[in-house]
Amino acid sequence: MTQDKISTAVTQQAALLDTLARVPGAGGQLVGIGLQVVEIGALDARGGTGEAGADHGVGQANDLGLQVMLKQHIWLRHQSAERWRGTIGMRSEPEWQRWFANYGEFILHYAELADRTGVDLFCVGVELARAARERESDWRTLISQVRQVYDGPLVYAANWWGEYEHIPFWDSLD
């Protein structure tokens, strides 16, 4: 690791601690720590923030007595008003199966980290509107798999505009 990268990492860690330290003074009790993942191609949901960064953020928040929700955000490489994570969709059943296998691998990895680090709340998805509407069975399977590795409450973060009313698996969450 170069000196520039080390300096950047130290600065980011100090900024995180400073931000988290302000939360209790503002009356906050829970923070969300996001896992940023860039969709690589149309079918893959791998990559992202990294376990060390998530683990560090959870530890800092816990040290300050804050509760933590761990959640993911998928960012598309070429995002627009018409193309965002809520429009992710596949053209065939094999493509959907591949996408959910990759997404499930990512989510299960971080669900294990959430359980190991004592995260208070785990979010299985964020604003994946089309996938949520069209793939109820896949979501129910994934939620069941997450419950096998994470012992806390599970949520899904629906978009406020036109998605939250159409989530068919709300009853599988806490």
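Predicted model: local features only at pLDDT ≥ 70, side-chain atom pairs only at ≥ 80, totals over all residues.
User: How many aromatic pairs does a search of the whole structure find?

Analyst: Residues are numbered from 1 along each chain as its sequence is written, and side-chain values use heavy atoms, leaving out hydrogens and water. Rings of Phe, Tyr and Trp (its six-membered ring) pair if their centres lie within 6.5 Å. Searching the whole structure this way, the number of aromatic pairs is 13.

User: What kind of pair do the rings of Trp96 and Trp99 form?

Analyst: Planes under 30 degrees apart count as stacked, over 60 as edge-to-face and the rest as tilted. The ring centres of Trp96 and Trp99 are 6.4 Å apart and the planes stand at 85 degrees, so the pair is edge-to-face.

User: Is Trp99 buried or exposed?

Analyst: Good one! Buried means under 20% relative accessible area, exposed over 50%, and partly exposed in between (1.4 Å probe, protein chains only). Trp96, with 4%, is buried. At 0% relative accessibility, Trp99 is also buried.

User: What kind of pair do the rings of Tyr103 and Trp139 form?

Analyst: Both Tyr103 and Trp139 are buried. Their ring centres are 5.7 Å apart, with planes at 70 degrees, so this pair is edge-to-face.
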